[in-house]
Amino acid sequence: MPGNPNLNKKRKFVADGVFYAELNEFLRRELAEDGYSGVEVRVTPQRTEIIIRATRTKEVLGEKGRRIRELTSVVQKRFEFPEGGVELYAERVMNRGLSAIAQAESLRYKLMGGLAVRRACYGVLRFVMDNQAKGCEIIVSGKLRAQRAKAMKFKDGYMIKSGHPCTTFVDKAVRHVYLRQGVLGLKISIMLPFDPEGKLGPSKPQPDHVTILNPKDDNY
């Protein structure tokens, strides 16, 4: 967001949060079919850089970069950035099986296409677990088959529910599916694996992780 020197600290944080929320919602609606998986905003002294994470970056960029230029123009006009004050980039998600947003969108399109809930959920669950996730949980709630609303829960593997590691190790996403009989709610939680390189998951191990070292040799 363009820096306003007159804003105090509290209002600046609120303004940044509102900017991020609106930008994320806009990109989510615009790039839902292209595997949109989140956005990162970096503010530099020269310009504001917006990195769009997606599974299909070719579609995000468009033919000869046309679509990304259109998105840049819309963002610039809406948030009143100066000419050349904002730059959009597309970054490919390395492993879409570990992205809760990508899997929630995938499940949403399966259900809109008329696939049975149980079959669609088990398909996503298996795909996530095959992509080195430690655990996965899918909750679908609403009018699933009968008139009476209910919730179905599908889970596999290991999942933590409390404590600080929950924020770093669990990737969550919520989506709504608008069907003829009503609205279905989708909640997906994916437990990421520990990865020292930080590519597949957090580079810091869980606090309760115990490493057993080999005993030293007695031959001194």
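## Helices α4 and α5

Helix α4 (residues 100-112) packs against helix α5 (residues 117-130) at an angle of about 155 degrees, and their axes lie 10 Å apart. The model described here is a predicted one. Angles over 145 degrees count as roughly antiparallel, and α4 and α5 are therefore roughly antiparallel to each other. The crossing in which α4 passes α5 is right-handed.

On the α4 side the contact is made by Gln103, Ser106, Leu107, Lys110 and Leu111, which meet Val117, Ala120, Cys121, Gly123, Val124, Phe127 and Val128 in α5. Sorted by class, this contact of α4 with α5 has eight nonpolar, three polar and one charged residues.

## The four-stranded sheet

Four strands form an open sheet with antiparallel pairing, and their order is β5-β4-β7-β6. The edges are taken by β5 (150-157) and β6 (170-179), each of which has a single partner strand, so one side of each is left without a neighbour in the sheet. From one strand to the next, the twist averages 10 degrees.

Within this sheet, strand β4 (residues 135-142) and strand β7 (residues 182-191) pair in the antiparallel sense over seven bridges, and Val140 stands opposite Leu186 in β7. Helix α5, which also packs with α4, lies across β4, β5 and β7 and runs at about 25 degrees to β5.

## Helices α1 and α3

A further helix pair is formed by α1 (residues 9-30) and α3 (residues 66-78), whose axes come within 12 Å and cross at roughly 150 degrees. In this pair, α1 passes α3 in a right-handed crossing.

Glu22, Leu23, Phe26 and Glu30 of α1 make the contact together with Arg67, Leu71, Val74, Val75 and Arg78 of α3. The residues of this contact of α1 with α3 divide into five nonpolar, no polar and four charged.

## Aromatic pairs

A pair of aromatic rings is described by the distance of the centres and the angle of the planes. When ring centres within 6.5 Å are taken as the criterion, the count comes to three aromatic pairs. Phe19 and Phe79 form an aromatic pair with an edge-to-face arrangement, at 4.7 Å centre to centre and with 85 degrees between the planes. Because Phe19 lies in helix α1 and Phe79 in the loop between α3 and β3 (86-92), the pair ties together parts that are 60 residues apart in sequence.

Notes:
Residues numbered from 1 in each chain as written. Predicted model: local features only at pLDDT ≥ 70, side-chain atom pairs only at ≥ 80, totals over all residues. Heavy atoms only, no water. Axes fitted to C-alpha atoms, helices over the stretch in contact; angles between N-to-C directions. Helix = DSSP H or I, 4+ residues; strand = E, 2+ residues; numbered from the N terminus. Parallel < 35°, antiparallel > 145°, perpendicular 65-115°, else oblique. Left-handed = near helix turned anticlockwise from the far one by under 90°. Contact = heavy atoms within 4.5 Å. Nonpolar A, V, L, I, M, F, W, Y, C, P; charged D, E, K, R; others polar. Pairing = 2+ DSSP bridges. Phe/Tyr/Trp six-rings, centres within 6.5 Å; stacked < 30°, edge-to-face > 60°.
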